[in-house]
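Here is a short report for a reader meeting this structure for the first time. Keep the sequence and the 3D view at hand while reading.

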Amino acid sequence: MTTEPRWKRARGWADLRGRREGGLAFLLMRLTGIGLVIYLFLHLYVLRLLAQGPEAWDAFIATAKSPLFLTLDGILILGLLYHALNGVRVTLLGLGIGVPLQARLFWGVMALTLLLTGVAVYAIFALTG
Ligand code: HEM
């Protein structure tokens, strides 16, 4: 039985040392999962503006079209795509499908995430500009 405090043992999941693809995939999955939960609450908080009438909403939309906000949208899409695509990878592995290929699947997830994020960010800036 270790005498290390519980919080020190718990932070081990964020320790990248000695990790390979599977460990990195897990760490990114957890970080993006936490990020999505935080985003969900921010999103609900912003939606309350709808109850304050069209002026409040239009003012928010004007801010949301700023380059800083659009960049944050890009970061959100990056995290969401990684989480969703790696979620499919984790589900397949859980079903026993592609287990020997798990590291290569991780890099495939990363490549697809970056590609789709690039397309999405291009579309966001092109359509909003
Ligand atoms: C796009 C659809 C999504 C898919 C396919 C998906 C899939 C998954 C899977 C398979 C896991 C388990 C990972 C593992 O056991 O290693 C997971 C964990 C998690 N997901 Fe999602 N998810 C999705 C969307 C979301 C959303 C929208 C949120 C937040 C609002 C979210 C938050 C989380 C959190 C907090 C975890 C726990 C991470 C951990 O404990 O390490 N997910 N997701």
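A polar contact of 2.7 Å links the side chain of Asp-15 to the side chain of Arg-17. The model is predicted. Asp-15 sits in the loop that runs between helix 1 (6-10) and helix 2.

Is Asp-15 buried, exposed or partly exposed? Its relative accessibility is 27%, so Asp-15 counts as partly exposed. Exposed would need over 50%, and buried would need under 20%. Asp-15 and Glu-55 are 40 residues apart along the chain, and their C-alpha atoms are separated by 46 Å.

## The chain as a whole

The chain has five helices and zero strands. Read along the sequence, its pattern is α-α-α-α-α.

How does the radius of gyration look beside that of a globule? The chain has 19 Å, but a compact globule of 129 residues would have a value near 14 Å. Along the principal axes, the C-alpha atoms fill a box of roughly 60 × 40 × 25 Å. Of the 129 residues, 19% are buried.

## Transmembrane regions in the record

An unreviewed UniProt entry places the feature "transmembrane region" at residues 24-47, 68-85 and 105-127. Two of these stretches can be followed in the model.

Residues 24-47 are 100% helix and 0% strand. The end C-alpha atoms of this stretch are 34 Å apart. Residues 68-85 are also 100% helix and 0% strand. Here the end C-alpha atoms are 26 Å apart.

## The shell around the ligand

## Iron and polar contacts at the ligand

Which protein residue is a donor of the iron atom of the ligand? His-83 is the only protein donor, through NE2 at 2.0 Å. His-83 lies in helix 4. An N or O atom in the side chain of His-83 is also 2.8 Å from a nitrogen atom of the ligand.

Arg-30 is another residue to look at here. A polar atom of the Arg-30 side chain lies 2.7 Å from an oxygen atom of the ligand.

## Thr-63 in helix 3

Thr-63 has its place in helix 3 (residues 54-64). A polar atom of the Thr-63 side chain lies 3.0 Å from the backbone oxygen of Ala-59.

Why does Thr-63 count as partly exposed? Its relative accessibility is 42%, so it falls in that class. The class covers values between the buried limit, under 20%, and the exposed limit, over 50%. Thr-63 and Ile-124 are 61 residues apart along the chain. Their C-alpha atoms are separated by 15 Å.

## Thr-91 in helix 4

Thr-91 is found in helix 4, and His-83 lies in helix 4 too. At 48% relative accessibility, Thr-91 counts as partly exposed.

How far is Thr-91 from Thr-128 in sequence and in space? They are 37 residues apart in sequence. From C-alpha to C-alpha, they are 35 Å apart in space.

Technical notes: Residues numbered from 1 in each chain as written. Predicted model: local features only at pLDDT ≥ 70, side-chain atom pairs only at ≥ 80, totals over all residues. Heavy atoms only, no water. UniProt positions renumbered as here; feature names shortened; annotations may be inferred. Helix = DSSP H or I, 4+ residues; strand = E, 2+ residues; numbered from the N terminus. Polar contact = N/O pair within 3.5 Å; in protein donor to acceptor, adjacent residues only side chain to side chain. Buried < 20%, exposed > 50% of the residue type's maximum accessible area, 1.4 Å probe, protein only. Donors = N, O, S within 2.8 Å, 3.2 Å for Na, K, Ca; no water. Rg over C-alpha atoms; globule rule 2.2 N^0.38 Å.
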